[in-house]
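Please keep the sequence and the structure in view while reading.

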Amino acid sequence: METKRSCNCDELAANVLTFPAVHPSMPDYANDVLVSAEWVEDNTEAFQSDDSDYRLVEVNSPESPDSDFPSRYDEGHIPGAIGMQWDEDLSDETERDILKKEDFEQVVGDAGISEDSTVVFYGDGWIPNWFALFAYWEFKYYGHEDARVLNGGKDYWVENGHELTDEEPDFPEVEYHARGPFEGIRAYKDDVDKALESGLPLVDVRSPEEFTGEIIAPEGLNETAQRAGHIPGASNIPVAQVLADDGRFKSAEELRDLYSDHDVDGEESVIAYCRVGERSSIEWFALHELLGFDDVRNYDGSWTEWGNLVRAPIETGEEE
């Protein structure tokens, strides 16, 4: 597991940047990884600087005919934000995998992000920050130390009247050298097999209709599987349940209560999965980063791998 960098308060003060709690009245999260829309607005000048200390990244989710998102990146984004597409920029579309290390380094360096950058992710989608959390997880997999997330994502930003622009930044390219990969936050098919054998918690974050086998994937999404259902013994905790009505994350107390209802308390290894690993990265974030559970892994192969495997065990119907 990667080591988190401690906060250098003198350095932050020198840059006139602080990371206040997004919900001051709520119990503290385990890690200071969420920033508010107000904080981003107050510090847009820092994100527009050619200096690579601070970078803002909008990650677009896939478009579908019935999409009702605030806008795509090229239609309007937060001033200073870099635009990334999860499939084109952060994935190997041929292998249906995340980027190889050298490709990740190239993409990130070309965007003007250095190893020392504080990177704040946000995104659109019918789930707030839908693929932004996938990008966050991939950055942490390759060892980026200081990553944050705009709580509520683009939807919250737009709904609360914050500024958008169509001006795209052109930051100087830098050399980026990834410290990872750190395999402790990623699960593979063999890890799921071992979890099944030992009875360790599996969290299926898909919709109830996907979990029971009524549908294989949400309508209009291309990545799919041959079979419907869920991995035997998995608990169904749809990703929307970790978010409040305004799209921001629920409090630490609410999240602990939600997971404890499914016997997920951080005492054992936990594997989260969904369809292609993007929704499960949101709950990996909630479990690992917000609640501080030590051993939480995102199975990014998810249902597009498991549901296509010959002889892989599958259950249908509601959670027992």
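The points below concern a predicted model and are grouped by topic.

**Salt bridges**
- A search of the whole structure finds 16 salt bridges, and side chains of opposite charge can pair in this way when their charged atoms come close.
- D300 and R186 form one of these bridges, with their closest N and O atoms 2.8 Å apart; the pair links distant parts of the chain, since D300 lies in the loop between β11 (296-299) and α12 (302-306) and R186 in the loop between α7 (153-159) and α8 (189-198), 114 residues apart.
- Both D300 and R186 are buried.
- R275 and E278, which are both buried, also form a salt bridge, the closest N and O atoms being 3.7 Å apart, and they belong to a network of salt bridges that also links E210 and R279.
- E95 and K100 meet through their side chains in a salt bridge of 3.1 Å, N to O, and K100 counts as partly exposed because its relative accessibility is 32%, between the limits of 20% and 50%.

**Surface charge**
- A patch of negative charge on the surface gathers E253, E254, D257, D261, D263, D265, E267 and E268.
- Within this patch, E267 sits in the loop between α10 (252-260) and β10 (270-273), and E267 counts as exposed because its relative accessibility is 67%, over the 50% limit.

**Aromatic pairs**
- The structure holds 18 aromatic pairs, among them F121 and Y136, whose ring centres are 6.3 Å apart and whose planes stand at 80°, so the pair is edge-to-face.
- This pair links distant parts of the chain, with F121 in strand β6 (residues 118-123) and Y136 in helix α6 (residues 132-141), 15 residues apart, and both F121 and Y136 are buried.

How values were computed
Residues numbered from 1 in each chain as written. Predicted model: local features only at pLDDT ≥ 70, side-chain atom pairs only at ≥ 80, totals over all residues. Heavy atoms only, no water. Patch = residues over 30% accessible without salt bridge, like charges linked within 9 Å, V, L, I, M, F, W, Y side chains within 5 Å. Areas by Shrake-Rupley, 256 points an atom, 1.4 Å probe, with all protein chains shown as cover. Salt bridge = Lys/Arg side-chain N within 4 Å of Asp/Glu carboxyl O. Lys, Arg positive; Asp, Glu negative; His and termini not counted. Charge placed at Lys NZ, Arg CZ, Asp CG, Glu CD. Helix = DSSP H or I, 4+ residues; strand = E, 2+ residues; numbered from the N terminus. Buried < 20%, exposed > 50% of the residue type's maximum accessible area, 1.4 Å probe, protein only. Phe/Tyr/Trp six-rings, centres within 6.5 Å; stacked < 30°, edge-to-face > 60°.
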